[in-house]
Amino acid sequence: MENSEKVNNLVFSGVQPTGNLHLGNYLGAIKNWIELQSSNNCIFCIVDLHALTTSDSRTQILQNTREVAAAYIASGINPKNTIIFVQSNVTGHSELAWILSCHTPIGWLNRMTQFKDKAGKNKERAPLGLYSYPVLMAADILLYKSTHVPVGDDQKQHLELSRDIAQAFNRYYQNDFFPIPEPIITGNATRVMSLRDGLKKMSKSDPSDQSRINLSDNSIEIEKKIQKAKTDSHPFPEHFQDLDGRPEIKNLINIFSALNNESVDKIISNYVDKDFKIFKKDLSDLLVEKISLISSEMKKLLKNEDYLDSILKDGNLRANEMANENLTKLKNIIGLFKS
Ligand code: AQP
C-alpha cells in the first residue's frame, strides 16, 4: 500500500541495543511490525538510552545499535517508508522525559514490577534511570503522538503507565494534545519463554545461551538448541487444555504456531500421535528456514556499516523534525518562555 493510502495511525516501538537479540524480540515485537508497516505510518527506534540503565548493557552499545538496525532491516522493515532511528540522536526524548516525570506521581512508578525484578534485593543501589525507565518509555511514545504501540506482553504495564501519564497531562492542561496510545499485543508468542525453563521469559540477559534462539544463530546452533530444549516425560498433548502445567511444551508449540501462522489446535492435531523428536525436528527446520535467513542477511548488512549508518542518519533527521514540532507545541501548552 502506498503512503498516501495509509491510515492516520502512528505506530511506535523499539528494541534496546543490549546484544543477543532473540526469538522473543522477533516474535513478540519485530515480526508484528512488518505486518503493520504496510498500512500504517511507523517509527521504529533503537532505544540506546534505555540500554544505559543496566551496567552490563553499557558495553558494546555502538556495535549493538548497528546490530538492532541490521535486524530490523533483515527482518523486513523497509527504511524508505518507515523511520528507523537511534533514541539518543533525538534529544527530545530526554527533554520530554523530564517534563513528563514532573507530571508523574512516584506512587505510579512504585508499582512497576520490572523495576522490582531487575533491581532485585539491591534496590538502594539500583540506578535512578532503572526506576524512571517507564517515564522515558512514555516520552518515546508520546513525543511522536503515537496512537499504537506493538510490544510483547512484558511491556504491558509500562504501556499502561504511558497511557496514564498522557491522560494526566491532557487533564492538567485541559487539552487533548496526546492521543492515548493503544497497545498491540497479538499472536501466540506475546511471551516467548526460555528453552531451559518454561516459567522464565526468554531474555537477552539470561546467562545461558542455551535458553534462547539468537537472531544471529546459524542452522547448527538452532538445531542443537531445539534438540536440547527442555520437555517432560509425558507424550505429545491431545488437547489444548492438556498444556496446562506443561509450560515448556506449551512454549514450543506457541513458537511453532507463531512462526508458521497456524493455530495451536492444528499443530496439536498434526503431532498428537507422533514422537516428540519429530515435532522438534520440524520445529528446528521451521526456525532454520525463518531465522537463518534473517541471520545471514544481518551478517551481510553488518559488513556494510556505511549503509547502516546512512539509514540511521536519515531516520534521525526525520524523527528530529517530528519531535521538534511536537515539543514546540507542547512547551507552548505548558507556557514555557520561548525566545
Ligand atoms: N520473551 C519475549 N517474548 C515476547 N516478546 C518479548 N520481548 C522481549 N522479550 C520477549 C519484546 O521485545 C521488544 C524489545 O524488548 P527490549 O529489548 O526493549 O527489552 P526487554 O523486554 O527487556 O528484552 P529482554 O530480552 O528481556 O532483555 P533483558 O534481558 O535485558 O531484560 C519489546 O516489545 C518486548 O516486549
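Helices and strands are taken here as DSSP runs, a helix having at least four residues and a strand at least two, and they are numbered from the N terminus. The structure shown is a predicted model.

Figure 1. The relative accessible area of T53 is 10%, and because buried means under 20%, T53 counts as buried. A polar atom of the T53 side chain lies 2.6 Å from the backbone oxygen of H50. When residues up to four places away in sequence are not counted, T53 touches R58, P127, G129, L130 and Y133.

**Figure 2. S162 within helix α8.** Here the view turns to S162, which lies in helix α8, a helix made of residues 156-172. With a relative accessibility of 0%, S162 counts as buried. Setting aside residues up to four places away in sequence, the residues that S162 touches are M137, A138, I141 and L142.

**Figure 3. M193 and its contacts.** M193 lies in the loop between the strand β5, residues 182-184, and the helix α9, residues 219-228. The relative accessible area of M193 is 12%, and M193 is therefore buried. Leaving aside neighbours within four places in sequence, M193 is in contact with G198, L199, K200, K201, M202 and N251. M193 and L252 are 59 residues apart in sequence, while their C-alpha atoms are 8.7 Å apart in space.

**Figure 4. The shell of residues around the ligand.** The ligand is surrounded by 22 residues, and the closest of them are H22, D154, K201, K204 and S205. Sorted by class, this shell holds six nonpolar residues, 11 polar residues and five charged residues. Both β1, residues 10-15, and α1, residues 23-37, supply at least two residues each to the shell around the ligand. It is α1 that gives the most to this shell, with four residues.

Figure 5. The side chain of N25 has an N or O atom that is 3.1 Å from an oxygen atom of the ligand. For V192 the backbone is involved, with an N or O atom that lies 2.8 Å from a nitrogen atom of the ligand. Of the 650 Å² of accessible area that the ligand has on its own, the protein covers 95%.

Figure 6. The chain as a whole has 13 helices and five strands. Its radius of gyration is 21 Å, close to the 20 Å that the globule rule gives for 339 residues, so the chain is as compact as a globular protein of that length. Along its principal axes, the C-alpha trace of the chain spans about 70 × 45 × 40 Å. Of the 339 residues of the chain, 50% count as buried. Among contacts in the chain with a separation of 6 or more, 76% are between residues 24 or more positions apart. The chain exposes about 16700 Å², of which carbon and sulfur atoms supply 49%.

Definitions and conventions: Residues are numbered from 1 along each chain as its sequence is written. This is a predicted model: local features need pLDDT of at least 70, side-chain atom pairs count only at pLDDT 80 or more; totals for chains, interfaces and linings use all residues. Side-chain values use heavy atoms; hydrogens and water are left out. Buried means under 20% relative accessible area, exposed over 50%, partly exposed in between (1.4 Å probe, protein chains only). Contact means heavy atoms within 4.5 Å. A residue is near a molecule or strand if one of its heavy atoms lies within 4 Å of it. A polar contact is a pair of N or O atoms within 3.5 Å; within protein, one must be able to donate a hydrogen and the other to accept it, and residues adjacent in sequence count only if both atoms are side-chain atoms. Accessible areas come from the Shrake-Rupley method with a 1.4 Å probe; for residues, only the protein chains shown count as cover. Ala, Val, Leu, Ile, Met, Phe, Trp, Tyr, Cys and Pro count as nonpolar, Asp, Glu, Lys and Arg as charged, and the others, Gly among them, as polar. The radius of gyration is taken over C-alpha atoms; the globule rule is 2.2 Å times the number of residues to the power 0.38.
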